[in-house]
Amino acid sequence: MARTEPLRTREWPRAMREALAAMVPPEPRHATPARDGRPKALNMLGTFAHHPALARAFFTFNGHILMATTLSPRHREMVVLRVAVLRKCGYEWAQHIFVAHDAGLTDDEISRVAYGPEAPRWTPLESTLLRAVDELIDGGAVTDDTWSALAEDLDTRQLVDLVFTVGAYESVAFFLRSFAVELDDDLRQD
C-alpha cells in the first residue's frame, strides 16, 4: 500500500503540469519516448505532484538522461534496468521494459541484465557498463580497471552521462520504494 496517495491528474496543481514540460531538453539527441500504447506512470507522477517544484527540477535532469544523453538509448536502458535490479525496484523495472524494447533490447537481453555483467553474449563494452553500475551501487565509485575499460570506448561526456544515469535512477528507485508507489494498472502483468 502506498505511503502517500498519488494525486489524480485532475487534482494536479498547475505547477505540476508545467513541470512535465521541463522533461524535454532544449537540445535532444534522442526521440521523446513513445507514449502510445505505453504505461503512463500515473502513480509515480501523481506522487511527484505533491511537490511540483522538485518534480520540475528532477524532470529537467531526467529529460537530459532520457533524451539528451551521449549514451546510446540501448546502453542507457541497460544501465537503468540494472539499477532497478540492484535496488529491487519493480516499478522502475516494469516501466523501463517498454523503453528498453523501444531502444532495441530483446526480451532475452532484458532478462540477462538481471544476471549482470557475467551473463553470456554481452559485448565487452556492455559487460563493462553493467559492471560499472554494480560498482557504483555497491561501492559508490567505478574502479580503476572498469574505468580504463570504459574509457577505451566512451569519451568523457559519455562517462559523465553514465555516472549520472546511475545516480538519477538510483534516486528514482529510492523515491518509488520509500513511498511504496504501487504499480499502475497498465504496468501489471497479471
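Me: Which hand is the crossing where H4 passes H6?

Reply: H4 passes H6 in a right-handed crossing. Right-handed means the near helix is turned clockwise from the far one by less than a right angle, left-handed anticlockwise. Helices here are DSSP runs (H or I, at least four residues), numbered from the N terminus.

Me: What should I know about the model itself?

Reply: This is a predicted model: local features need pLDDT of at least 70, side-chain atom pairs count only at pLDDT 80 or more, and totals for chains, interfaces and linings use all residues. Residues are numbered from 1 along each chain as its sequence is written, and side-chain values use heavy atoms, with hydrogens and water left out.

Me: OK, cores. Which residues touch the most other members in the largest nonpolar core?

Reply: Met 16, Phe 59 and Leu 150, out of 42 residues. Such a core is a set of buried Ala, Val, Leu, Ile, Met, Phe, Trp, Tyr and Cys residues joined through side-chain atoms within 4.5 Å. Buried means under 20% relative accessible area.

Me: And which helix gives the most to this core?

Reply: H9, with nine residues.

Me: What is Met 16 in contact with?

Reply: Beyond its neighbours within four places in sequence, Met 16 contacts Leu 45, Phe 48, Ala 49, Pro 52, Ala 55 and Phe 59. Contact means heavy atoms within 4.5 Å.

Me: Switching to Ala 84. Buried or exposed?

Reply: Ala 84 is buried, at a relative accessible area of 2%. Ala 84 sits in helix H4.

Me: What does Ala 84 touch?

Reply: Cys 89, Glu 92 and Trp 93, not counting residues up to four places away in sequence.

Terms used
Helix = DSSP H or I, 4+ residues; strand = E, 2+ residues; numbered from the N terminus. Buried < 20%, exposed > 50% of the residue type's maximum accessible area, 1.4 Å probe, protein only.
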